[in-house]
Amino acid sequence: MRLLLLLSFLIVPVLEIWLLFQVGSAIGGPATVALLVAGALLGSWIIRREGRRAWRALQESLRSGRMPERELADSGLVLTGGALLLMPGFLTDLAGLAFVLPVTRPVMRRLGVWFFERRIKRLAESSPYAGMFPPGPGGPAPHGGRVVTGEVIKEDAGDQGPSDQEEPRGALGRPPRA
């Protein structure tokens, strides 16, 4: 993972510069700069709009008392997309738009869930505490045993509870005063 991050920090800027030169040679320098400025302006407008929308959705879910899972993910995606849109370059702008636009954000959210789910499972499996807890109902138990889900019902003959004929008791076990 660290190697992948290192390579991305080295490769992405090189690709951005190469792409800028390619676009600049095709449409000219001033047009390339104008395209970058227009992309930055459009990106900042989209970030503001989608950021407000994500903030309102987050507040609404908190007011209604439900867990704001999707809203928090959307807020994180808008924040990440905004950072990518602020970087100069065409590749980061395309990636930022994919994070920010409401049309592509659900796809990016699903990719993020998939990635983090795999990452957390891998971390949990490599944890020294991995074998302590069974994975859940129906799954394999630790040390090769079987997990049987069920309900324990305890019925003792002597533990029938208070009968209807007993006198009600107060807080100290005495009958209440009349």
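Residues are numbered from 1 along each chain as its sequence is written, and side-chain values use heavy atoms, with hydrogens and water left out. Because the model is predicted, local features need pLDDT of at least 70 and side-chain atom pairs count only at pLDDT 80 or more, while totals for chains, interfaces and linings use all residues.

Student: How many helices and strands does the secondary structure of the chain come to?

Tutor: Helices (H or I, at least four residues) and strands (E, at least two) are DSSP runs, numbered from the N terminus. From that end the elements run α-α-α-α-α. The count is therefore 5 helices and 0 strands.

Student: What share of the residues in the chain is buried?

Tutor: A residue is buried under 20% relative accessible area, exposed over 50% and partly exposed in between, with a 1.4 Å probe and protein chains only. The chain has 178 residues, and the buried ones make up 19%.

Student: Which residues does L20 touch, not counting residues up to four places away in sequence?

Tutor: L20 is found in helix α1 and is partly exposed, because its relative accessible area is 25%. In space L20 lies 7.0 Å from G89, C-alpha to C-alpha, although 69 residues separate the two in sequence. Counting contact as heavy atoms within 4.5 Å, L20 touches T32, L36 and F90.

Student: Within what arc do the buried residues of α3 fall?

Tutor: In α3, the buried residues are E71, D74, L77, V78, G81, G82, L84 and L85. Seen down the helix axis, they line one face, because their directions from the axis to the C-beta atoms fall within a limited arc. E69, L79 and L86 are exposed on the other side of α3. The arc that holds the buried residues is 160°.

Student: Which helices are included in what covers the buried residues of α3?

Tutor: α3 has 18 residues and reaches 26 Å from its first C-alpha to its last, close to the 26 Å expected at 1.5 Å a residue; the expected span is 1.5 Å times one less than the number of residues. The cover over its buried residues includes α2, α4 and α5.

Student: Against which helices do the buried residues of α5 pack?

Tutor: The buried residues of α5 are R105, M108 and R109. They fall within an arc of 100° seen down the axis, so they line one face of the helix. On the other side, R110, K121 and E125 are exposed. The buried residues pack against α2, α3 and α4.

Student: What volume does the largest pocket have?

Tutor: On a 1 Å grid over the protein atoms alone, a pocket is an open set of points where a 1.4 Å probe fits, with protein on both sides within 12 Å along at least five of seven lines; lining residues have an atom within 4 Å of a point. Grid points are joined across faces, edges and corners, and the volume is the space filled by probe spheres set on them. For the largest pocket, this volume is about 900 Å³.

Student: Which of the 25 lining residues are closest to the centre of the largest pocket?

Tutor: α1 (2-27), α3 (69-86), α4 (90-100) and α5 (105-125) each supply at least two residues of this lining. Of the 25 lining residues, the closest to the centre are L5, S8, T80, L84 and F99.

Student: Which helix gives the most to the lining of the second largest pocket?

Tutor: About 170 Å³ of space lies in the second largest pocket. α2 (29-64) and α4 each supply at least two of its lining residues. With 6 residues, the helix that gives the most is α2.
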